[in-house]
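Visitor: I would like to learn how to read a structure step by step. Could you guide me through this one?

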Amino acid sequence: MHFNIAVLPGDGIGPEISVQGVDVMNAVCEKFGHTASFNYGIVGADAIDRVGDPFPPETLKLCKESDAVLFSAVGDPKYDNDPKAKVRPEQGLLAMRKKLGLFANIRPVETFDCLLDKSPLKAEIVKGVDFVCIRELTGGMYFGEKYEDDDRAYDTNHYTRKEVERILRVAYDYALRRRRHLTVVDKANVLASSRLWRKVAQELEKEYPDVTTDYMYVDNAAMRMIQDPGFFDVMVTENTFGDILTDEGSVISGSMGLLPSASTGESTPVFEPIHGSWPQAKGLNIANPLAQILSVAMLFEYFNCTKEGAIIRKAVNASLDAGVTTPDIMGTNGKKYGTNDVGAWIVDFIRNY
Ligand code: IPM
Ligand code: MN
């Protein structure tokens with residue numbers, strides 16, 4: 001098939017890892033007789049600097065006209081400590097999610113056997129952990145009514161039945177394809193919005209008798225993820241809780257640089273690493289490209305190209321086993337590898353497979 005891909009490298013380490021993702025996609029396409037065209041768009045601080053808008057209309061148009069978006073990262077420290085900044089790079093990401101209707105964010109938390117000792121948790125707790133967090137991405141406090149003056153500020157955690165139901169259905173579909181265990185994470189003992197989530201989930205639960213549904217308060221879920229992450233199969237939660245829990249989940253594997261994600265919904269799907277733009281590492285060729293490369297695997301899998309996804313996963317595992325890793329997970333063979341060395345090794349593996 002032909003893939004028409006919008007590439008949004010963004011800020012910080014974004015451009016460096018983006019190149020690796022594109023190279024891997026090209027290698028897989030060649031191997032399997034596909035073709036791909038890549039069209040580049042600007043987003044984040046890069047887009048603010050150039051045109052004053054973190055998600056300009058041309059970028060939206062490019063995304064809408066593409067089959068998928070390969071996104072890297074946004075964020076720049078010059079905005080972080082300035083509460084008065086009128087426009088921020090992160091708004092580009094949020095605008096993209098909202099304008100493309102990407103309400104479902106799929107964040108798999110997987111562990112790699114050869115990296116068990118890199119996890120901050122004990123190896124025996126982490127071994128075999130494999131769950132997916134389905135994060136609602138276009139509602140809740142991120143997009144609810146806001147107010148801000150010097151004495152008072154609020155964000156509204158707004159959800160409608162429709163928004164809750166559609167994300168729960170995505171989660172149930174995942175659960176059906178996996179170990180058939182869904183955990184609905186909320187704070188229904190305190191929040192009205194959570195009580196709506198729980199009510200809708202309790203209704204839907206009856207339509208999915210093959211799935212075991214349980215309900216967990218978010219504070220308890222945060223604890224359980226550390227004590228017994230193997231408990232989870234599919235977890236579904238609102239936007240803000242999902243943001244927090246997936247950062248927690250991502251380090252279980254030993255490095256934030258390993259985990260990809262997919263955002264899907266009404267328009268073009270977006271594939272991106274979970275990690276941010278790590279501005280301090282920009283241009284140093286030390287960023288881990290694996291999350292970006294694995295997001296290409298998720299892209300292929302989205303289009304039912306399972307063999308294509310599998311070869312990328314195989315190549316990534318082989319690179320880890322061979323100790324060909326960036327410094328964040330410093331491999332076993334004592335040599336130093338840059339972002340581009342890891343990418344090139346994976347491309348070679350795929351070509352020669
Ligand atoms: C994420 C990020 C974003 C979020 C930021 C950059 C706006 O942390 O994708 O998890 O909060 O959703
Ligand atoms: Mn986050």
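**The ligand and its shell**

Guide: The largest share of the shell around ligand 1, three residues, is supplied by helix H5 (residues 89–99). Helices (H or I, at least four residues) and strands (E, at least two) are DSSP runs, numbered from the N terminus. This is a predicted model, in which local features need pLDDT of at least 70 and side-chain atom pairs count only at pLDDT 80 or more, while totals for chains, interfaces and linings use all residues. Residues are numbered from 1 along each chain as its sequence is written, chains are lettered from A and ligands numbered from 1 in the order in which they are written, and side-chain values use heavy atoms, with hydrogens and water left out.

Visitor: Which residues are around ligand 1?

Guide: A residue is near a molecule if one of its heavy atoms lies within 4 Å of it. Here the residues around ligand 1 are Glu-90, Leu-93, Arg-97, Arg-107, Arg-135, Tyr-142 and Asp-243.

Visitor: Which side chains have an N or O atom 2.7 Å or 2.8 Å from an oxygen atom of ligand 1?

Guide: A polar contact with a ligand is a pair of N or O atoms within 3.5 Å. An oxygen atom of ligand 1 lies 2.7 Å from a side-chain N or O atom of Arg-97, and for the side chain of Arg-107 the corresponding value is 2.8 Å.

**The sheet**

Visitor: In what order do the strands of the open sheet come?

Guide: Two strands pair if DSSP finds at least two bridges between them. In this open sheet of 10 strands the order is S2-S1-S3-S12-S11-S4-S5-S10-S8-S9, with mixed pairing. Its edge strands, each pairing on one side only, are strand S2 (35–40) and strand S9 (212–217).

Visitor: How many bridges join strand S8 to S9, and do the two run parallel or antiparallel?

Guide: Strand S8 (residues 181–186) runs parallel to S9 and is joined to it by six bridges. Within this pair, His-181 stands opposite Thr-212 in S9.

Technical notes
Polar contact = N/O pair within 3.5 Å; in protein donor to acceptor, adjacent residues only side chain to side chain.
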